[in-house]
Amino acid sequence: MLSIDRELKAIVTRLQELRIPYALCGGLAMAVHGYPRATLDIDLLSLRDSTQDISTAARTLGYTLTAAPMTFADGDVRIFRISKLSPEDEDVLPLDILSLSPAIEAMLTTEETEWEGVQLCVVDARSLICLKRLRNNAQDLADIERLTQ
């Protein structure tokens with residue numbers, strides 16, 4: 001079974017080695033900000049058009065299953081999903097790489113933090129709320145409520 005924590009550490013370490021800009025967002029960013037919740041994927045924000053570089057780095061770590069890109073927020077957000085299949089038990093872990101329009105990316109800020117012994121670049125709480133408002137599904141609304149309490 002794939003460990004989401006171990007996989008996140010491996011991806012982040014590889015991106016840092018290659019100096020590829022990224023920021024953690026989504027459910028794992030909620031945990032970093034002190035609001036852990038169940039999540040089934042890793043969400044990384046592509047900074048400065050690093051989508052292809054993140055994807056290439058992830059492939060070296062076994063993320064080889066690709067899905068068709070998804071869009072929301074009138075095309076301002078594109079999600080590129082690549083997944084890793086565990087050879088032991090066929091567990092699948094998706095990695096979602098979010099590519100933002102320049103206008104949306106310019107509104108966001110990130111911060112460096114240590115999480116479980118790894119330095120992470122993560123979107124700050126205000127930016128996480130902005131991202132969640134763009135999609136605005138039930139989980140995003142619940143996350144926004146937690147972040148604004």
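In this predicted model, a salt bridge joins the side chains of lysine 9 and glutamate 116, with an N to O distance of 3.6 Å. The two partners come from distant parts of the chain, 107 residues apart: lysine 9 sits in helix 1 (residues 4-17), while glutamate 116 belongs to the loop between strand 7 (110-115) and strand 8 (118-123). Lysine 9 is partly exposed, at 27% relative accessible area, and glutamate 116 is likewise partly exposed, at 46%.

Helix 1 also holds a pairing of its own. Here glutamate 17 and arginine 14 form a salt bridge through their side chains, at 3.1 Å from N to O. Because these residues are three positions apart in helix 1, about one helical turn separates them. Glutamate 17 counts as exposed, its relative accessible area being 51%, just as the cut-off for that class is over 50%. Arginine 14, by contrast, is partly exposed, at 26%.

A further salt bridge connects aspartate 41 and arginine 81, whose closest N and O atoms lie 3.9 Å apart. Aspartate 41 is found in the loop between helix 2 (26-32) and strand 2 (42-46), and arginine 81 in strand 5 (residues 77-85), so this contact ties together parts separated by 40 residues in sequence. Aspartate 41 is buried, with a relative accessible area of 14%, whereas arginine 81 is partly exposed, at 28%.

Salt bridges join Arg37, Lys132, Arg135, Asp140 and Asp143 into a network. Across the whole structure, the search finds nine salt bridges.

Key
Residues are numbered from 1 along each chain as its sequence is written. This is a predicted model: local features need pLDDT of at least 70, side-chain atom pairs count only at pLDDT 80 or more; totals for chains, interfaces and linings use all residues. Side-chain values use heavy atoms; hydrogens and water are left out. A salt bridge is a side-chain nitrogen of Lys or Arg within 4 Å of a carboxyl oxygen of Asp or Glu. Helices (H or I, at least four residues) and strands (E, at least two) are DSSP runs, numbered from the N terminus. Buried means under 20% relative accessible area, exposed over 50%, partly exposed in between (1.4 Å probe, protein chains only).
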